[in-house]
Amino acid sequence: MKKFLILLSLFISVYAIEMNAWADFTPCLPDCENDVWVPDISLPASTIRVTLPGCTTTFVIRYRYRIACNQWYDYYIEGVESTDSPSDINECIRSGYAGNMALFLRAISEGLIIANPANFPPYNVPDCELMWRVLKGACWFRDFVTGIGGGGPNDFEEVLLSSPSDPYTWGAPEFLAPCPSIHCCLEKYRVCRTEQGLDITLTDYQPPMDPECADTQLPTFNCVPVCGSIYHR
């Protein structure tokens, strides 16, 4: 019994660390601090479904948006959920994007730009808009939730962690989320409207302070660097 109580205490301590991390988690806001995200960070993010090249299922993107300093058209990606099984994201990353989470998230960014739920410009052919930005965490992890009482590995986490940005309360079979307490990845895009659709070009990115995620590992998170790793390495 004593050994069981010690193990239980260690288990609770580990997840208490992660609970505090999620409690401190807020979306990236690197500049233009008076222009807040929509929805407000106290509320759950908006969601939209997208399909990606090379994958057979749809994914749900959790996002926020803002017009920053009256010039930047910003989207923030808070998470990505599977819609069917707890292996859809992993299978898509493996088969469609050579096992590279950063490539998958770049496709997610472009999928959100194409969907453009905030209705940012350009609106007419052949106009271009140079002031698009997509922000996300610089380090991400993949996990899954089986539901409370389902006997899965994250049942305890789902009960313990509860905030608008906490992925363990989403109820998705599988998800990608930025590791808490990390630096932002800010990517700039040129978006042009053509007769064939949108032409999307990544023009620049702002490197995070910890590009290799060396300082962001938590007990049960395998934090993977996704900012710059597919552009300038």
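Predicted model: local features only at pLDDT ≥ 70, side-chain atom pairs only at ≥ 80, totals over all residues.
**Stop 1: Glu78**

Select Glu78, which lies in strand β3, residues 72–82. Is Glu78 buried or exposed? Its relative accessibility is 1%, and the limit for buried is under 20%, so Glu78 counts as buried. Now show what surrounds it. Leaving aside residues up to four places away in sequence, Glu78 touches several residues, including Pro27, Ala45, Arg62, Tyr63, Arg64 and Trp140. Further along the chain, its contacts include Pro164, Ser165, Trp170, Ala177 and Pro178.

**Stop 2: Arg64**

The side chains of Glu78 and Arg64 meet in a salt bridge, 2.8 Å from N to O. This pair links distant parts of the chain, with Glu78 in strand β3 and Arg64 in strand β2, 14 residues apart. Arg64 is buried, at 0% relative accessibility. Side chains of opposite charge can pair when their charged atoms come close. In the whole structure, a search finds 10 salt bridges.

**Stop 3: Arg66 and Asp31**

Next, select Arg66 and Asp31, whose side chains form a salt bridge of 2.9 Å, N to O. Arg66 is buried, with a relative accessible area of 2%, whereas Asp31 counts as partly exposed at 24%. Keep Arg66 selected and show Trp37. Arg66 lies over the face of Trp37, 5.0 Å from the ring centre.

**Stop 4: Asp74 and Arg133**

Return to strand β3 and select Asp74, together with Arg133. Their side chains meet in a salt bridge of 2.8 Å, N to O. Asp74 is in strand β3 and Arg133 in strand β4 (residues 128–137), so the pair ties together parts that are 59 residues apart in sequence. Asp74 is buried, with a relative accessible area of 0%, and Arg133 is buried at 2%. Which residues join Asp74 and Arg133 in one network? Salt bridges with shared partners connect them to Asp31 and Arg66.

**Stop 5: Tyr75**

Select Tyr75, also placed in strand β3. Tyr75 counts as buried, at 0% relative accessibility. Show Asn116: its side chain makes a polar contact of 2.8 Å with the side chain of Tyr75. Then show Ala118, whose backbone nitrogen lies 2.8 Å from a polar atom of the Tyr75 side chain. Ile113 is 38 residues from Tyr75 in sequence, and their C-alpha atoms are 8.4 Å apart in space.

**Stop 6: Aromatic rings**

Show the aromatic side chains; a search of the whole structure finds 12 aromatic pairs. One of them is Tyr63 with Tyr75: the ring centres are 6.1 Å apart and the planes are at 70°, so the pair is edge-to-face. Tyr63 is in strand β2 and Tyr75 in strand β3, 12 residues apart. Tyr63 is buried, with a relative accessible area of 7%.

Phe141 lies in strand β5 (residues 139–144) and Phe175 in strand β6 (residues 174–178), 34 residues apart. Both Phe141 and Phe175 are buried.

Key: Residues numbered from 1 in each chain as written. Heavy atoms only, no water. Helix = DSSP H or I, 4+ residues; strand = E, 2+ residues; numbered from the N terminus. Buried < 20%, exposed > 50% of the residue type's maximum accessible area, 1.4 Å probe, protein only. Contact = heavy atoms within 4.5 Å. Salt bridge = Lys/Arg side-chain N within 4 Å of Asp/Glu carboxyl O. Polar contact = N/O pair within 3.5 Å; in protein donor to acceptor, adjacent residues only side chain to side chain. Phe/Tyr/Trp six-rings, centres within 6.5 Å; stacked < 30°, edge-to-face > 60°. Lys NZ or Arg CZ within 6 Å of the ring centre and 35° of its normal.
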